Amino acid sequence: MKLFSKVLFAFFVLLFISSCAKEKTATNQFRVALLSPGPVSDAGWNAAAYEGLQRIEKELHAQISQIETKTPSEFEEAFRDYARQGYQLVFGHGFEFQDAAAAVAPNFPKTVFITTSGNTVRPNVAPMVFELEHATYLAGALAALLSQSGKLGMVGGIEIPPVTSTFDAFEAGAQSVKPDIKVNRSFIGNWEDAGAAKQAALALIDQGCDFLIHNADAAAAGVFQAAAERNVLVFGTNKNQNDVDPQHILASCVSNIPAAFVEMAQLVRDGKFEGKIYRLGMPDGVVSFEINPQLQSQIPPAVMTRLEEIRRQIIAGTIKVPSKV
Amino acid sequence: MRRPTEILRQMALWFLPAMLAFVSASGFGALLVSGFGYSPLLVFSTLWEGAFGDAYRFSETLLKTVPLVFTGLAVALSFRTGIWNIGAEGQFLAGALIVTVFGVKAANLFAPIFFLLTTIDIFLSGALLGILAGWLREKHGVSEVISTIMLNMIVLQFLGYAVHGPLQEAARTYPQSDRLAEVARLSQLWPGTRLHSGVIIAVLLAIVLWLVLFRLPFGFRLRVIGQNPHAARFAGINVSRHIIAAFALSGGLAAIGGAIEVAGVTGRLYENISPGYGFTGIAVAMLGRLHPLGLLPAAFLFGALESGARALQRNLGLSSVLAEVIQGMTILFVVLFETRWFRELLNKRLNVK
């Protein structure tokens, strides 16, 4: 029995010690937390959110905390835990956090819950949606101004509103400068199959399209290959992809996720937050259209001036870019 | 009639290896965190606060225990029968998928019929996966370790297809199903927390499985097969049939766990519904010494670790991977303490003849 009682004794000593530990008291400092759906070391989606959080710490002098939530059942728990600790702002980095935010929000009116994309709105819950449409509109205009054949092509992953919406804007941008331009779109049905994306891109090129845009995530590699093979120009989307193929990627439509985080945190800190869908686009500096410096020479100065004018109008709000999301 | 002290000693003997394993693993965890420059005392007190700090944290610990009980039971039953069912993960997902199909598409059925149909189909989904692996093993000599792991992949991919295709929400925006109808949701037990009636089902099923395994002839035959299939065959037991039955029961148990996770906690089907409950279930079953009632505290311990690990990351910025390391170390130590060398040492110390 000796060994057993020793172990038991040690266990209770540990219990006693641990129960003596007290939780830290809440401070008046601005506190911001992030729920990421994956590791923040992923050099992509989650890393961008964490960079945003770190900028909030530095620029807004906030106290920050981050937790990796792997499954939906952890979302609600994590939201609740941060809210209980008095965090004023909690980000859920993805559409999948909407339900959990809406479920927790009524119990914690002093905490703001923001999801990255989504459409669930409560007095203290809001999604932030990136209006990549501002940039694809510009891409459409630029492509239409430069196109020889008068035909443009779009390759998408899955036909969902966030993707078709960027294509609608591309089309609208093209038609705004050349009303008779033809724009063909093609969807491959997934986000990974670069081979299918390449075939879709080649088919569009065969139809006479001399500019391509994609919104196909990882499968876009196939679009870039097709463009390189047939020597047509393409646009990158979501992040700056100009370096992927500097000879064929004319420009990229970029959403700056960290900037969006800082923007939203600032609103919440200054008490200007409202429960509504926040559309963050070019006027907020969150979405930008980055022209590849190596191909800048292919754009005549007259076209450049025209492009700048459209950009100004989008930022000023005089051009209404169509958006479904 | 045995004396109470004798019973206590037997129980201590039974639990001691598992407890020692956990304490040793925690010791290694403490060394590890000191290596990263954290105070082990602070880390463990945070763990404790996160798991049991107040009523809400405690409810979250229970919540995390539930799926582990089901996958643990599934694994314990199969391991007892001498089959290495590594497929609890896939069977868990299959159950989650089926409950979503019924909860979204067939919720307007007459309620008793709905429950009956749904429950049977949930069980069948896991059972059929198990039977497939069992049939491959018994008829074609395919190792069930390989087949069940492969089946996990197939179910996972199928689930991905479902939430991108036929089961995707009506709005067609995100890869998730619609919310389950109210009738398909489990009732909440404790207002202000997420604790649902699945926790009761888990305990009941553990008791049922204990009765089956240790009080019914069928369970006895399963255990005989697990101990020595040749002896079982010699004693006139139809080994193949029993093994396939064990595969089916094991798969069915895991599937019910998956269905309860959707019906009780998330209310929707997503691709990443399980963070590997099926695999953690193996660890739970081992720590619970493959005993349906013994694995209840084991599942609770792992639930507490998971729950506490959240607090580690939240309050200290320490990666929750640490909890996984402690879980892994616990298993290694269980294996060590199950060796004959340790058993003999223990018996000598406790004066057991």
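Let's start with a nonpolar patch on the surface of chain B. This is a predicted model, so please keep that in mind. Nine names to find on your screen: B:Phe58, B:Leu189, B:Trp190, B:Ile200, B:Val203, B:Leu204, B:Ile207, B:Leu211 and B:Leu293. Together they have about 700 Å² of accessible area.

Which helix gives the most to that patch? Helix α7 of chain B, residues 198-215, with 5 residues. B:Ile200 lies in that helix.

Now the interface. Chain B puts 42 residues into the contact, and chain A puts in 37 residues. Between them, the two chains bury about 3800 Å². Of that area, 57% is on carbon and sulfur atoms.

How many salt bridges cross the interface of chain B and chain A? The rule finds 8. One to look at pairs B:Arg179 with A:Asp99. Their side chains meet at 2.9 Å, N to O.

Which elements of chain B give two or more residues to the side that touches chain A? They are helices α1 (4-35), α2 (40-52), α3 (55-80), α10 (239-266), α12 (295-316) and α14 (340-349). Of these, α12(B) gives the most, with 5 residues.

And the make-up of that side of chain B? The residues that touch chain A divide into 16 nonpolar, 12 polar and 14 charged.

To recap, take two pictures away. One is the nonpolar surface patch on chain B, with helix α7 giving the most to it. The other is the interface with chain A, with its 8 salt bridges.

Technical notes:
Residues are numbered from 1 along each chain as its sequence is written. Chains are lettered from A and ligands numbered from 1 in the order in which they are written. This is a predicted model: local features need pLDDT of at least 70, side-chain atom pairs count only at pLDDT 80 or more; totals for chains, interfaces and linings use all residues. Side-chain values use heavy atoms; hydrogens and water are left out. Contact means heavy atoms within 4.5 Å. Buried area is the accessible area (1.4 Å probe) that two parts lose on being put together, summed over both. A salt bridge is a side-chain nitrogen of Lys or Arg within 4 Å of a carboxyl oxygen of Asp or Glu. Helices (H or I, at least four residues) and strands (E, at least two) are DSSP runs, numbered from the N terminus. Ala, Val, Leu, Ile, Met, Phe, Trp, Tyr, Cys and Pro count as nonpolar, Asp, Glu, Lys and Arg as charged, and the others, Gly among them, as polar. Patches are made of residues with over 30% relative accessible area and no salt bridge: like charges are joined within 9 Å, nonpolar side chains (Val, Leu, Ile, Met, Phe, Trp, Tyr) within 5 Å. Accessible areas come from the Shrake-Rupley method with a 1.4 Å probe; for residues, only the protein chains shown count as cover.
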